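Keep the viewer open and try each task before you read on.

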Amino acid sequence: MGIGNTLRLSSRMLHRRILYSSARSFTTTEGHRPTIVHKRSLDILHDPWFNKGTAFTMTERDRLDLRGLLPPSVMDSEQQIQRFMTDLKRLEEQARDGPSDPNALAKWRILNRLHDRNETMYYKVLIANIEEYAPIVYTPTVGLVCQNYSGLFRRPRGMYFSSEDRGEMMSMVYNWPAEQVDMIVVTDGSRILGLGDLGIHGIGISVGKLDLYVAAAGINPQRVLPVMIDVGTNNEKLLKDPLYLGLQQHRLENDEYIEVIDEFMEAVFTRWPHVIVQFEDFQSKWAFKLLQRYRSRYRMFNDDVQGTAGVAIAGLLGAVRAQGRPMLDFPKMKIVVAGAGSAGIGVLNTARKTMARMLGNTETAFESAQSQFWVVDAQGLITEGRDNIDPEALPFARKTKEMERQGLKEGASLVEVVREVKPDVLLGLSAVGGLFSKEVLEAMKGSTSTRPAIFAMSNPTKNAECTAQEAFSILGDNIIFASGSPFKNVDLGNGHVGHCNQGNNMYLFPGIGLGVLLSGTPIVSDGMLQAAAECLAAYMSEEEVLKGIIYPPISRIRDITKRIAAAVIKEAIEEDLVGGYREMDARELKKLNEEELMAYVENNMWSPEYPTLVYKDD
């Protein structure tokens, strides 16, 4: 549409008409505009970003010198998916490396091969079957992948920075072919999914997380970058393994370690000033320190500290609703937390802030909120009587005299604490499988809550504090159960079902990343994370919550992500941090109403559709 004097449209009206008409915004239309490529023939077929396989039209085959290099039949993407799914079911068993290779790992191998040859179709399959394949590309199967990564490595995916590259990272980032990167997930492999130090094998978690950014948030796969920072490993098995692909030296510590991470952050933000960096699976002693070091300077967040906390808070608020109470009753909940690592402390800090905000954000409110938590680590109940308390856990250490009045003391066992406190919620973030023993669950029968909640949030499945079956069989059907990894619902007989809620970080981090990207905010604030958590908590209907369903099914993940992204953008506007994104500047973004904001988010979510390819000689 031309812009002439006769139209008399303001720039704002014109902008909105263009943005919300059937023509989509820039990000989405990349899949519809012709794409210029500088390769053809076999080079195109070997490039997963542009390969369409049998979906190349005859016109494209002639244009790109592909005629004769593919079977003559042209298939559309739906036919390709049907063919792939048929092959997948047939090949699952054949893809196993012997009888000890789990079926889930066989599925991962087959999906990974598709990813290697045709990225568009890979994401089309993943999005269409997200409930089935999210546990394959992410937790729990990604844990197995990381444990076996040296043996599974076939072709590089992402970038590797090591302590041997000091002084070279600024030039290294230009080796990555993408001119723009929107999202980086980085790990140092030191604490992968509660499995411990897996060294360079940890790159698998970065790849898996970014697959979900693409599938759930519609981040363009050509603008994501998985990163592994190899500073050595303290895993003696890997240090002695001749086939290990990483540096066979002990981990750097202290200032040497910080210097490597500093150089990496400076390098990626120099080349891509607007990139968002998600820190993933860093051991606790570095997770908090790096978060505090960078969060006010860069667009970054730590999913273990902040994402886990947000998902847990959404679940805790859901548990309040499941009792038929308003969310504002949350500050009255008594919560026993098992685990004081980065995830546990992250949840505690966020829960305390949430309670305090509901109580008026005064000093008294914070003190009142703090008194609702009892924290138990490997040494037992944390009180002020403990020597050398972790500084991050210190605010939650209980007063010794107060505990004596409750019949508890420093180092009291989990079962003793549960028995005396009679909590509303037992929250596990310990990475200790089976920690919620029969004795502990029996003690929860004394809870003063009308509907107690058991949150076994540790990943992967073998690290879950208890199973859904164990919780429901001991405590009956009048509980709320949530876990980090997926468990099946429990048949309780007489038509009753014990719902297993998967409190997975994938409900939040894609929406947080997308909202930060589309708002143009220079930082990720606590308010944005809080807005994301509250949006997730409010997503379920009253009817669903009263049935014990506090998290939505994974099948709704794109809709959930869209709403969370919009909530993050609204909070960025509220905090006057919004900067705009591409053609939508901050001033226009602030003027969008609710419906327009949702449309803006949706229109900027990439969908896996084959573009028309046009060859152009360099």
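**Exercise 1. In which helix is Ala-531 found? Is Ala-531 buried or exposed?**

Before you start: this is a predicted model, in which local features need pLDDT of at least 70 and side-chain atom pairs count only at pLDDT 80 or more, while totals for chains, interfaces and linings use all residues. Residues are numbered from 1 along each chain as its sequence is written, and side-chain values use heavy atoms, with hydrogens and water left out.

Step 1. Ala-531 sits in helix H24, residues 526–539. Helices (H or I, at least four residues) and strands (E, at least two) are DSSP runs, numbered from the N terminus.

Step 2. Buried means under 20% relative accessible area, exposed over 50%, and partly exposed in between (1.4 Å probe, protein chains only). Ala-531 counts as buried because its relative accessible area is 16%.

Step 3. Now look for partners. Leaving aside residues up to four places away in sequence, Ala-531 touches Ala-567 and Glu-571; contact means heavy atoms within 4.5 Å. Ile-564 is 33 residues from Ala-531 in sequence, yet their C-alpha atoms are 7.8 Å apart in space.

**Exercise 2. Describe helix H7 and its contact with helix H8.**

Step 1. Helix H7 covers residues 119–128, and eight of its ten residues are buried. Those buried residues are Glu-119, Thr-120, Met-121, Tyr-122, Tyr-123, Lys-124, Val-125 and Leu-126.

Step 2. Look at the start of H7. There, a side-chain oxygen of Asn-118 comes within 3.4 Å of the backbone nitrogen of Thr-120. For a polar contact, two N or O atoms must lie within 3.5 Å; within protein, one must be able to donate a hydrogen and the other to accept it, and residues adjacent in sequence count only if both atoms are side-chain atoms.

Step 3. Two packed helices are described by the angle between their axes and the distance between the axes. The axes of H7 and H8 (residues 130–137) come within 6 Å and cross at roughly 115°. Here, axes are lines fitted to C-alpha atoms, for helices over the stretch in contact, and angles run from 0 to 180 degrees between N-to-C directions.

Step 4. From H7, the contact uses Tyr-122, Val-125, Leu-126, Ile-127 and Ala-128, and from H8 it uses Ile-130, Tyr-133, Ala-134 and Val-137. Sorted by class, this gives nine nonpolar, no polar and no charged residues. Ala, Val, Leu, Ile, Met, Phe, Trp, Tyr, Cys and Pro count as nonpolar, Asp, Glu, Lys and Arg as charged, and the others, Gly among them, as polar.

**Exercise 3. Which residues does Ser-77 touch?**

Step 1. Find Ser-77 in helix H5, residues 77–91. With a relative accessible area of 18%, Ser-77 is buried.

Step 2. Not counting residues up to four places away in sequence, Ser-77 touches Lys-124 and Tyr-610. You have met Lys-124 already, among the buried residues of H7.

**Exercise 4. How many residues of helix H23 are buried?**

Step 1. In H23, residues 509–519, eleven of eleven residues are buried. Among them are Phe-509, Pro-510, Gly-511 and Ile-512.

Step 2. Go just past the helix: Gly-520 takes a positive phi of about 75°.

**Exercise 5. What are the phi values of Asn-388 and Ala-431?**

Step 1. Asn-388 has a phi near 55°, a positive value in a residue other than glycine. Its place is the loop between strand S9 (380–381) and helix H19 (400–405). Asn-388 counts as exposed because its relative accessibility is 79%.

Step 2. Ala-431 also is not a glycine, and its phi is positive at about 60°. Ala-431 lies in the loop between strand S10 (425–428) and helix H21 (438–443). At 31% relative accessibility, Ala-431 is partly exposed.

**Exercise 6. Where are the cis peptide bonds that end at Pro-140 and Pro-460?**

Step 1. The bond from Thr-139 to Pro-140 is cis, with omega near 10°. Pro-140 lies in the loop between H8 and helix H9 (141–147).

Step 2. Asn-459 and Pro-460 are joined by a cis peptide bond with omega about -10°. Pro-460 lies in the loop between strand S11 (453–456) and helix H22 (468–475).
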